Amino acid sequence: MSETDLDLGSAEKRRTLWIVLWLNVAIAVGFFVTGAIGDSNALIANGLDNTSDAVVYGLSLLALTRSRVWKRGAARVSGLMLLIFAGGVVLDAIRRFLEGSEPAGVMMMAMAAVAAVVNLLSLHLLKKLQNRDVNLRAATTFSFNDFVANGGIIVAGVVVLFTGANWPDLVVGIAVACIAVYGGIDILRDAHMDTHDEAGTEHRTGDEFGR
């Protein structure tokens with residue numbers, strides 16, 4: 001069977017990715033709505049994050065029955081999207097710092113708790129898949145990053161609730177952006193290493209800039 005043919009595990013992968021994709025769409029909508037109502041950079045940051053995740057899962061679905069080169073390309077798009085998203089979040093945090101904001105601590109905690117459960121479910125579903133390619137590894141990275149970020153929002157919500165300050169919300173928003181940067185770089189590195197793995201060549205420091 002060629003690499004572009006439908007393998008025995010692809011039906012399960014496709015079904016899992018569809019479930020995770022729609023879970024992320026639902027959570028992204030929830031983050032945007034509560035972020036707007038609750039004036040929270042951290043919630044909006046996670047909404048953007050989950051939106052980028054949903055796009056990535058869509059790319060992963062397209063990549064399932066395509067060549068390894070196509071899968072690496074999709075993974076690279078995923079990594080770059082995370083880096084762009086991170087820049088947008090930092091700019092929004094700077095704006096809120098300069099103009100001021102009044103995040104709602106209770107709303108932050110409630111939304112983050114719901115999202116944590118959903119992201120944990122997504123991570124569980126993705127971890128169950130066998131023979132995960134570079135794109136599916138990227139999807140797993142996203143879900144893990146989201147789960148960690150949700151914990152940060154809950155902590156920030158508690159501090160905001162008791163202090164009335166907006167800085168915990170901004171700090172977590174920027175932290176989510178930093179997690180996204182780390183995840184994006186990790187995905188790009190994984191895609192690069194997959195190139196060497198397929199070619200049977202050895203990675204040398206700096207050669208990723210020539211590919």
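1. A starting point for reading the helices here: the expected span of a helix is 1.5 Å times one less than its number of residues. Please keep in mind as you read on that this is a predicted model.

2. Let's apply that to helix α3, which covers residues 68-99. Just after α3 comes G100, which takes a positive phi of about 90 degrees.

3. Stepping back to the whole chain, you will find 6 helices and 0 strands. Read from the N terminus on, the elements run α-α-α-α-α-α.

4. How is the chain packed? Of its 211 residues, 46% are buried. Among contacts between residues at least 6 apart in sequence, 79% join residues at least 24 apart.

5. Now for the outside. The chain's accessible surface comes to about 10,300 Å², and carbon and sulfur atoms account for 68% of that surface.

6. One spot on the surface deserves a look of its own: V106, I154, V158, L161 and F162 form a nonpolar patch there. Together these residues have about 470 Å² of accessible area. Helix α5 (residues 134-163) gives the most to the patch, with 4 residues.

7. Finally, a closer look at I154, a patch member found in helix α5. Its relative accessible area is 30%. Since partly exposed covers the range between under 20% (buried) and over 50% (exposed), I154 counts as partly exposed.

Key: Residues numbered from 1 in each chain as written. Predicted model: local features only at pLDDT ≥ 70, side-chain atom pairs only at ≥ 80, totals over all residues. Heavy atoms only, no water. Helix = DSSP H or I, 4+ residues; strand = E, 2+ residues; numbered from the N terminus. Patch = residues over 30% accessible without salt bridge, like charges linked within 9 Å, V, L, I, M, F, W, Y side chains within 5 Å. Areas by Shrake-Rupley, 256 points an atom, 1.4 Å probe, with all protein chains shown as cover. Salt bridge = Lys/Arg side-chain N within 4 Å of Asp/Glu carboxyl O. Buried < 20%, exposed > 50% of the residue type's maximum accessible area, 1.4 Å probe, protein only. Contact = heavy atoms within 4.5 Å.
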